[in-house]
Amino acid sequence: MRQNAEVVEDKTEKSEYVTLTIDGIEVKARKGTPLLEVARQIGVEIPTLCYYSFVSPYGSCRLCSVEITTKSGRNRIVTSCNYPAEDGLKVETKSEKVIMVRKGILELLLARCPKVVRVKNLAREYGITEPTLWVSDQDEDCILCGLCVRACKELIGVSAINFAMRGVKREITAPYHKFSDDCIGCGVCALVCPTGSRKIRQHTYATIAPLKGPKDENIGVNIDIFSAHSPDSLDGFVKAVIAAGLKSGLLDSVVLAKRKNSFAAEAVIIENSEDFLNCSLANSVRIKIVSTLMDAIAKGKRKIAFIGLPCQVRAARKIEQTLQKEIPDLEITSIGLFCLNSFNPKKLVEKINSLFKVDEKQIENISVKDGKFIIQAKSKEHSVALEKLDAAIENGCVYCNDFPAFFADLAIGTAGSEPGSVTVIVRTDKGKMLLEKANFTRDIAQKDDVVRLSDFKKNRAKEHTAPILKEIYAQRSRKGE
Amino acid sequence: MTNSQIDKIIAKYEGKSGVLIQLLLELQRELNWISPEAVKRINEKLGIPISEIYRVASFYTALSLEPRGKYLIRVCAGTACYIRGGLRVLDAAEKTIGIKAGETSSDLKFTLETVNCLGCCALGPVVEINGKYYGTVTPKRLEEIICRKRSEK
């Protein structure tokens, strides 16, 4: 522990510094920094359950309670995770009053979650070995701290889960207790959860049983990889395969995102191969498609093809794994489209507006080629390097490491093939059977191209998740936990 | 209520922030419940995540995620009404309508709820029907009121 330490948060911004004391140590810190951060940076430990620096503080577990005395002499207990540093503050983190308050909080937490190891360990540290209060549910494992809710909203930007109801009925759930339409199966909720709660896994796709078969690190489980000749590129090949599946009776319907115009798409169920051939696939925007898949199942469809991005394929796979217990004959054949990232339609339109001064309605076509984003508007072609559009990427995409749709039955994309061909990764027997119904000429795929892009996406995810993981592991290995 | 009517209400709130509760209250007033369709439209038009709308709608008792009947009957089961026989009044209502507290009759005519205080304990047992308060209610009187409402068109 250093004496008279200085905590400097951000040097680039012109900011005001304040002086406060924590457990008798005088500290200089930027005004407004949470007390908890200031304390941790000078080595004063404060226990927490619901705090990480990468999401906004919420103050719900209340374990980080400390005693403060303000300049004017007012003394009270506050949560240090969301109390801003102010001048002349005296903070006590281990005073008698603080220990008493923390003990009370731990008694409550232990009565709510008597079986959660982390809560038990923390309680034991404060001398509580058995629940002293009435336990309403022995198996309760959620302390309603909302870390998962904040991570889902602030990091990933999807808000798939949230609080619902109130009072004793308050809980974390996906809307309507149904499979979430927004969850992308990133698993961040399960990762940040301080108690390892089962609840967040119920209607989300945080955990999925892996596919079986020979595995390649960058390509995933696969039994075959090849390049298929297809004059109409990606759309054409997918259409040929699915239409053949529908005709032969191997499939009874297909759920996909149908393109409405350049940026908008709608999720549809198609049962007839002719209707299917007439629509065009949307493959660069992520739209709500899971509820449409559930509609198809509710309608009695049992042999469903599902075309989607890797994150949506994860959802479809999880739904199949979960529902097969109740509906044994349900088969979802997932066609995953290679995906580096998807664009947020709203942000993309704004970006294109500012770059090319083109109105959304004038755009005739968009495409991606050789690292360039190309749009056609008013019979003119505009192009821009993909990196320039980074700001329009959906928030969560930078944390995703799934380029070649690891959980699909068939993964398809243009990477690794010449123009006029598409690369196909066959991952399961279900996928292989579907391919057998279609006619196409095979060629050897440039596996390296797929590996390179998969690698790029993995590294990008690693780069973005590293600081988050570091903090989570540091938290888990804290003394006494 | 059709989608265009829902859209019309939502349109009034477009481009403003912090309007979710006001919007939901208006939808509840017009629609008598917050339908999944309405939730979906709000999400599409205002960009508020569905989970956020569900959180707010499930939190407030003024908002209902299930269709409510034409008449919302709230029987007070607060302390004062309770000791004056509030539960007997509730029993009568349950028997007459044929539903339990918290349920809605299949013809969408009645929704029965209990409430913990309506703020006029001196008049207990109190029953509130669509905003109108009935004091010193007896099981028989509530039965009559319900029958009258039922025969109304």
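Residues are numbered from 1 along each chain as its sequence is written, and chains are lettered from A and ligands numbered from 1 in the order in which they are written. The model is predicted, and local features need pLDDT of at least 70, side-chain atom pairs count only at pLDDT 80 or more, and totals for chains, interfaces and linings use all residues.

**Chain B**

The C-alpha trace of chain B spans about 50 × 30 × 20 Å along its principal axes. Chain B holds 7 helices and 4 strands, where helices (H or I, at least four residues) and strands (E, at least two) are DSSP runs numbered from the N terminus. Their order from the N terminus is α-α-α-α-β-α-α-β-β-β-α.

An open sheet in chain B has 4 strands in the order β2-β1-β3-β4, with mixed pairing; two strands pair if DSSP finds at least two bridges between them. Because β2 (110-115) and β4 (132-134) of chain B each have a single partner strand, they stand at the edges, and one side of each is left without a neighbour in the sheet. From one strand to the next, the twist averages 20°. Strands β1 (residues 71-76) and β3 (residues 127-129) of chain B are antiparallel and share 3 bridges. Within chain B, Arg74(B) stands opposite Glu128(B) of β3(B).

Helix α6 (residues 86-97) of chain B packs on this sheet and touches β1, β2 and β3 of chain B. The direction of α6 makes about 150° with that of β1(B); axes are lines fitted to C-alpha atoms, for helices over the stretch in contact, and angles run from 0 to 180 degrees between N-to-C directions. Contact means that C-beta atoms, placed from the backbone, lie within 7 Å.

**Nonpolar cores**

A nonpolar core is a set of buried Ala, Val, Leu, Ile, Met, Phe, Trp, Tyr and Cys residues joined through C-beta atoms within 7 Å. A residue is buried if 20 or more other C-beta atoms lie within 10 Å of its own, exposed if 12 or fewer, and partly exposed in between, with C-beta atoms placed from the backbone.

The largest nonpolar core has 109 residues, of which Cys148(A), Cys152(A), Cys189(A) and Val254(A) touch the most other members. Helix α4 (residues 147-156) of chain A gives this core its largest share, 7 residues. Apart from this core lies another of 15 residues, including Cys76(B), Leu90(B), Val127(B) and Leu142(B).

Note on methods:
Two residues are in contact if their C-beta atoms, placed from the backbone, lie within 7 Å.
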